[in-house]
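Welcome! Let's take a walk through this structure together, one step at a time.

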Amino acid sequence: MTAVTWVLAALLALAALAGWLSATAQRVDRLHRRVETSRAALDAELTRRASAALEFALESSDHLDPASALLLADAATTSLDAPRTPAALREANDADDAHRWRVESDLTRALAAALPPGDGEGLARVADAARRVQLARRFHNDAVVQTRRLRCKRIVRWAHLAGRARVPETADFLDGDDDGTGS
């Protein structure tokens, strides 16, 4: 082989490597956007659940005793007042996330303790909101796991394909799943 052939082969190999690295970096970026989108959906569902629980606690005096209604209203209000850190500022506020997950777990426990069995419009709305929280949390945690799995690959770390993006964290709180872990 001539020198020109070797140079062309090397350039072709470099172009293939650059294309593969670029495609991998785009995949990492898509996964990070998916995590942020799923986090926003989870935040919306948590707000919806807290609002439904608060409305149920305040309007259903025939379904709940006063102590249960007060417990549920307090947990729902605390959930609505918990800090919701925007994605751009979340780097410095891991403590906000930990506090938020404790508050959401408390609301789940309050719902489990206060809600009576039966069918009512308000109760169905709270149950639907709780199911939607479970799904949103599952989707968010799946997106986080996929992103972390890709970021753990050597080539992604060595080539710094994730840039300065923060490693995403799962949402760890009780959400009423059967196994008690919420996952």
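Predicted model: local features only at pLDDT ≥ 70, side-chain atom pairs only at ≥ 80, totals over all residues.

Are they buried or exposed? Arginine 39 is buried, since its relative accessible area is 5%, and aspartate 43 is buried too, with a relative accessible area of 13%; the cut-off for counting as buried is under 20%.

Stay with arginine 39 for a moment. Its side chain also meets that of aspartate 97 in a salt bridge, at 2.8 Å from N to O. Here distant parts of the chain are linked: aspartate 97 lies in helix α3 and arginine 39 in helix α1, 58 residues apart. Aspartate 97 counts as buried as well, at 9% relative accessibility.

Why might such partners be found together? Side chains of opposite charge can pair when their charged atoms come close.

Because they are four residues apart in helix α3, about one helical turn separates arginine 100 from glutamate 104. Arginine 100 is buried, with a relative accessible area of 1%, and glutamate 104 counts as buried at 0% relative accessibility.

These pairs belong to a bigger picture. Arg39, Asp43, Arg49, Asp97, Arg100 and Glu104 are linked in a network of salt bridges. In the whole structure, a search finds 13 salt bridges.

Glu104 also takes us to the next stop, as one of the residues of α3 that make the contact with α2. Helix α2 (residues 66-81) and helix α3 (residues 94-114) pack at an angle of about 160°, with 9 Å between their axes. That angle makes α2 roughly antiparallel to α3, and the crossing of the two is left-handed. Which residues make the contact? On the α2 side they are Ser68, Leu71, Leu72, Ala75, Ala76, Thr78 and Ser79, and on the α3 side Val103, Glu104, Asp106, Leu107, Ala110, Leu111 and Ala114. Sorted by class, this contact has nine nonpolar, three polar and two charged residues.

Terms used. Residues numbered from 1 in each chain as written. Heavy atoms only, no water. Axes fitted to C-alpha atoms, helices over the stretch in contact; angles between N-to-C directions. Parallel < 35°, antiparallel > 145°, perpendicular 65-115°, else oblique. Left-handed = near helix turned anticlockwise from the far one by under 90°. Contact = heavy atoms within 4.5 Å. Nonpolar A, V, L, I, M, F, W, Y, C, P; charged D, E, K, R; others polar. Salt bridge = Lys/Arg side-chain N within 4 Å of Asp/Glu carboxyl O. Buried < 20%, exposed > 50% of the residue type's maximum accessible area, 1.4 Å probe, protein only.
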